[in-house]
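Subject: Structure for your review

Dear colleague,

Please find the structure below, followed by an account of what was found in it.

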Amino acid sequence: MEDLKLELKRQIIDVLNLEDLQPSDIDDAAPLFGEGLGLDSIDALELIMIMDKQYGIKFQNKEESKAALASIDTMAAYIQEYRTK
Amino acid sequence: MSDKAWSGRTGGTRRMQRSLIRIFRHFPPWVVYPIVWIWVCFYILFAHAGRRGIWHYWHHRLGYGCWSSVVNLYLNYLEFGKVIMDRFAAYAGRHITIRVEGQEVLDRVMNGNSGVIVLSTHIGNQELAGYSFHAPKPMYVLSYLGDTETVNDNRRRKFEEMHLHIIPMKPDGSHVLDMHNALSDGNILSVHADRLFYGSKAVYAPILGQEAAYPEGPFRIAVAEAVPVVSLFMMREGADTYTLYVRQLSDGNWEGETQREQARTLLQRYIAANEEMLRKYPRQWFHFYEFWK
């Protein structure tokens, strides 16, 4: 699980071009949107694409995607349960 | 230009809009042109913000003299009035003759297996482009549903007839999931790329020699999804007659730059295509507000 969280943080930093951040700067439980990392809806699309292309997870429901992408913790838990890749 | 969200609505009461559709079921749009000539005069007199924006376009951006700008300001509004009438004529089911320039590009891009993004614009009659374009695969349109009830009802009905699917724009940005799903299933996605909605993040780039704000989203999404990108311009030639120009902005293969730089390159190509159309059809610029900073 910890390896998966680290992998996720590295992918987020890379895809969103967050060059000033290290994986250790991102709190596992902190919200990714709003007051946490401050990501916006286009960044959400990048996270949706990570889930789709890297882990074979395709969201059909907005509420479900919102809950799954809330933090590194929720992303990792969702991937562990539903990954197809 | 302001960064505030757009809240555009088609003018006229519900009864007026329904009457137009009834009239166009039996008569061509030109029968109401005398009313449009007069309506445009009142509109120019009382729509201050729009008037200032169009004056800026003609006088400062295109460099026309004062009198020439006044005449063209009127003709610009008049052209818009005719385009609106054509839109209601389309709602009424009237036939519009369309010549296509770039059919081979359209066929190549639309018949591929990957998704396609259409970056649309407020130049020419964009809505008519959607109605007259017979896509070989499902087409999704990211749509602002803040217009009048009559326009939205007819838009929905026309979309259903043409097998177009609406993705409603949401203030929380949750529509990005539907956009991604449409593209990853190999469908066509049409997005307005020259207007800011719900305070969307802006990027600045020059058009006609001065910087203006564009929404960052459509360009970043196009680059992130790595799909072909086209712009379609439906330009009015005369009563019931249009030319559809197809311009390919990307084949979806991006190399050597960061995603933000790629999005910037795409924006510049989009603006170049817009400028090309404005040189050919300067009176079909339909941004009735201060577009520039």
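Buried area is the accessible area (1.4 Å probe) that two parts lose on being put together, summed over both. By this definition, chain B and chain A bury about 1,700 Å² between them, with 54% of it on carbon and sulfur atoms.

This is a predicted model, in which local features need pLDDT of at least 70 and side-chain atom pairs count only at pLDDT 80 or more, while totals for chains, interfaces and linings use all residues. Residues are numbered from 1 along each chain as its sequence is written, chains are lettered from A and ligands numbered from 1 in the order in which they are written, and side-chain values use heavy atoms, with hydrogens and water left out.

The interface

In contact (heavy atoms within 4.5 Å) are 20 residues of chain B and 21 residues of chain A. Four salt bridges (a side-chain nitrogen of Lys or Arg within 4 Å of a carboxyl oxygen of Asp or Glu) are counted between the two chains. Among them is the pair of Lys62(A) and Asp178(B), whose closest N and O atoms are 2.8 Å apart. On the side of chain B that touches chain A, two or more residues each come from helix H8 (175-184), helix H9 (216-225) and helix H10 (259-280) of chain B; helices are DSSP runs of H or I with at least four residues, strands are runs of E with at least two, and both are numbered from the N terminus. H8(B) gives the most to this side, namely six residues.

The second largest pocket

A pocket is an open set of points on a 1 Å grid over the protein atoms alone, where a 1.4 Å probe fits, with protein on both sides within 12 Å along at least five of seven lines; lining residues have an atom within 4 Å of a point. Of its 25 lining residues, Ser41(A), Ile42(A), His175(B), Phe197(B) and Ser200(B) are the closest to its centre. H9(B) gives the most to the lining, with four residues.

Salt bridges overall

Over all chains, the structure holds 15 salt bridges. One of them joins Asp28(A) to Lys5(A), with the closest N and O atoms 3.8 Å apart.

With kind regards
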